[in-house]
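Please have the sequence and the model to hand.

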Amino acid sequence: MADIIPLRPANLAPPAPVVPWPRGMRSALLLAFDVDAESAWTALDPENAGRLVTMSYGGYEARVAVPKILEFLRAQDIKATFFVPGWTAEAHTAMCEAMLRDGHEIGHHGCLHLRPEPANEPQMREELERGLEILKRRLGVTPAGYRAPFAETCDFLLRLIRDKGFVYSSSLRDDVRPYRNLPSDGIPGTIELPVSPNFDDWQFGLTHRQSPRSLFGREHVMSIWRDEIDEMREWGGMISTVLHPQVSGRPIRFRILRDLVAHAKGYGDIWIAPGRDIAAHWARQVGLEAAAE
Ligand SMILES: [Zn+2]
């Protein structure tokens, strides 16, 4: 046991510096969507590939949710980040092309959306490399950002994404400001744009026999999200969402998405920007231009 539980903090990165947001903004909102599509379900159980109702939860993204979300973002003049697994880019290429046409950012989100397991380095490398290859071949994208599928990452993966040239990762949940990852080999890693765990729509809005939970209505979810936005604005930090089109793109959830954007925009001093812009701004502020180019 002593071998696998080191007596030191899991994250060795020094505290996040306090840097100003651009143009006098008080805080930042990275509106990020994880476009798992059907891979959310095949990653739970490969046999789901033949279970058409289960698969249809993910298929809803390409048929309805993403076009609807793109239309909304266009009307709101907002650029978002879509974290896309290689599987999604391969199976739903046209959907991803539509994101790019609208000027949104596409980030890396694994390939088959398999959960990174620290004991399985070959699988983590394959997920990362296959995802990169498909994003490049199908969409011409070399992603700046990475978000770990199934909300898990590890030291090996922090080193791997740094060595593959990623600018930023948005996976860890231990800060309210961007900071620089520091893998165990002591060589600084990607910029981390920390995730706000309370902004994962799956836990409020999707239930299935393989992913069972209670649903929460708009007033309940917005009371949580409003408080976090308001307080984060006071703190001068950033929020990075984990929205899934198969959740927030359902009619009942769409109203919550609309309220969330309206609340953040209402202040006029919350910077809503894709991850690449937030990372580039932060890099410039701390004198890291090269990393953000
Ligand atoms: Zn995901």
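## Aspartate 277 and its partner

Aspartate 277 has a relative accessible area of 33%, so this residue counts as partly exposed. The model is predicted. Aspartate 277 pairs with arginine 276 in a salt bridge. Their closest N and O atoms lie 3.6 Å apart. The cut-off for such a pair is 4 Å.

Arginine 276 is also partly exposed, because its relative accessibility is 35%.

## Arginine 137 and two glutamates

Side chains of opposite charge can pair when their charged atoms come close. Arginine 137 forms a salt bridge with glutamate 133, with 2.6 Å between the closest N and O atoms. Both residues sit in helix α5. They are four residues apart, or about one turn of the helix.

Arginine 137 also meets glutamate 90 in a salt bridge, at 3.0 Å from N to O. This pair links distant parts of the chain. Arginine 137 belongs to helix α5 (residues 121-139), while glutamate 90 belongs to helix α3 (residues 86-91). The two are 47 residues apart.

Glutamate 133 is partly exposed at 41%. Glutamate 90 is partly exposed at 31%.

A network of salt bridges links Glu90, Glu133, Arg137 and Arg138. The count for the model comes to 16 salt bridges.

## Helices α2 and α10

Helix α2 spans residues 52-76, and helix α10 spans residues 251-267. Their axes come within 12 Å. They cross at roughly 25 degrees. Angles under 35 degrees count as roughly parallel, and α2 and α10 are therefore roughly parallel to each other. Their crossing is right-handed.

Which residues make the contact? From α2 come Tyr60, Lys68, Ile69, Phe72 and Gln76. They meet Pro251, Phe254, Leu257, Arg258, Val261 and Lys265 of α10. By type, the residues of this contact divide into seven nonpolar, one polar and three charged.

Terms used
Residues numbered from 1 in each chain as written. Predicted model: local features only at pLDDT ≥ 70, side-chain atom pairs only at ≥ 80, totals over all residues. Heavy atoms only, no water. Salt bridge = Lys/Arg side-chain N within 4 Å of Asp/Glu carboxyl O. Buried < 20%, exposed > 50% of the residue type's maximum accessible area, 1.4 Å probe, protein only. Axes fitted to C-alpha atoms, helices over the stretch in contact; angles between N-to-C directions. Parallel < 35°, antiparallel > 145°, perpendicular 65-115°, else oblique. Left-handed = near helix turned anticlockwise from the far one by under 90°. Contact = heavy atoms within 4.5 Å. Nonpolar A, V, L, I, M, F, W, Y, C, P; charged D, E, K, R; others polar.
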